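User: I'd like to learn how to read a structure like this one, feature by feature. Could you walk me through it?

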Amino acid sequence: MIYSHEVEHMCVVKKGPNHGPAPIPEEGKWVKAKEVVDISGFTHGVGWCAPQQGACKLSLNVKEGIIQEALVETIGCSGMTHSAAMAAEILPGKTILEALNTDLVCDAINTAMRELFLQIVYGRTQSAFSEGGLVIGAGLEDLGKGLRSQVGTLYGTLQKGVRYMEMAEGYIKTVALDKNDEICGYEFVHLGKFMDEVKKGTDANEALKKVTGTYGRFTTEQGAVKHIDPRQE
């Protein structure tokens, strides 16, 4: 340690009370975090790249400072999916401090990691008040059955109105319009469940019927007057 000439010639004034860091909530406990290993928690965060061309939702499950589970979801840029593949392999096993200073290939993923780091070290995790935290594998529960991200793709123009492409239920196959030409329902296909059925050996046409559902007033009996393909009409 090198001190300046001015500091070297100062007299010593003893330090008074040292209360340490304020406790933060972690997995149902109040913890005074002094080291990386003191940090645990499960949380989510969103990041974006510099040109804001795409975004990443990152979910991490941290136990005693080590990332045990990572879910990387991206949207908006084709290259991000390959970056996410690398990030999902890179993150588990790293401390949160290592991960913060690791190149996760894509700016959006790096930004998401920064946002998560802040949440985790400030005790703002989803599992802050959950005794014992969340089990490893909790990230997959965000995806639900079929293990697909919750994606919304909606498009609209002033001249032609709105088009539903994909929503939480799945791929939008048909949109129902009422007598005022306003959307009153839609038919959807859950692509994750569809692929599960096909992998089990179910005929594709039969599988499609099994995983197709409707939302709202879709039938003529319910008030639908017209049905359109949102990608064609």
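Analyst: Let's begin with a cysteine: C49 has a relative accessibility of 10%, so it counts as buried. Keep in mind throughout that this is a predicted model.

User: How many disulfides does the structure hold?

Analyst: The general idea is to look at the distance between sulfurs: a disulfide needs two cysteine sulfur atoms within 2.5 Å. Here there are zero disulfides. C49 is in none, and its nearest cysteine sulfur, in C106, sits 6.2 Å away. For C56, the closest cysteine sulfur also belongs to C106, but at 6.9 Å that's too far for a bond.

User: Is C56 buried or exposed?

Analyst: Buried, with a relative accessible area of 1%. C56 also stands opposite G47, which brings us to the sheet.

User: Okay, how do I read a sheet?

Analyst: Strands of a sheet pair through backbone hydrogen bonds, and they do it either parallel or antiparallel. In this case you have an open sheet of three strands, ordered β3-β4-β5, with antiparallel pairing. Neighbouring strands in it are turned by 15 degrees against each other on average, direction ignored. Between β3 and β4 (residues 55–63) you can find eight bridges.

User: Which strands stand at the edges?

Analyst: β3 (41–48) and β5 (66–75) do. Each has a single partner strand, so one side of each is left without a neighbour in the sheet.

User: Which helices lie across these strands?

Analyst: Helix α2, residues 78–90, lies across β4 and β5, and its direction is at about 175 degrees to β5. Helix α4, residues 107–121, lies across β3, β4 and β5, running at about 140 degrees to β3.

User: And the nonpolar core? Which residues have the most contacts inside it?

Analyst: The idea is to follow buried nonpolar residues that are joined through their side chains. The largest such core has 24 residues, and those with the most contacts inside it are C56, L58, L60, L91, I109 and M113. The elements giving two or more residues to this core are β4, β5, α2, α3 (96–100) and α4. The largest share, seven residues, comes from α4. Another core lies apart from it, with six residues, including I172, V175, Y186 and I228.

User: What does L60 touch?

Analyst: Leaving out residues up to four places away in sequence, L60 touches G41, F42, T43, I67, E69, A70, L91, M113 and L116.

User: I was also looking at S83. Where does that one lie?

Analyst: S83 lies in helix α2. With a relative accessible area of 8%, S83 is buried. Beyond its neighbours within four places in sequence, S83 is in contact with L104, V105, C106 and I109.

User: What about helix α6? Which of its residues are buried?

Analyst: In α6, residues 191–199, G192, F194 and E197 are buried. Part of what covers the buried residues of α6 is α7 (204–210). Just after α6, G201 takes a positive phi of about 105 degrees.

User: Last one: how do I read the chain as a whole?

Analyst: Start with the inventory: seven helices and 11 strands. Then take the radius of gyration, which is 25 Å, well over the 17 Å that the globule rule gives for 233 residues, so the chain is more spread out than a compact globule. Along the principal axes, its C-alpha atoms fill a box of roughly 90 × 40 × 30 Å. Buried residues make up 35% of the 233 residues. Finally, of the contacts with a separation of 6 or more, 52% are between residues 24 or more positions apart.

Definitions and conventions
Residues numbered from 1 in each chain as written. Predicted model: local features only at pLDDT ≥ 70, side-chain atom pairs only at ≥ 80, totals over all residues. Heavy atoms only, no water. Pairing = 2+ DSSP bridges. Helix = DSSP H or I, 4+ residues; strand = E, 2+ residues; numbered from the N terminus. Axes fitted to C-alpha atoms, helices over the stretch in contact; angles between N-to-C directions. Contact = heavy atoms within 4.5 Å. Buried < 20%, exposed > 50% of the residue type's maximum accessible area, 1.4 Å probe, protein only. Core = buried A, V, L, I, M, F, W, Y, C linked by side-chain atoms within 4.5 Å. Rg over C-alpha atoms; globule rule 2.2 N^0.38 Å.
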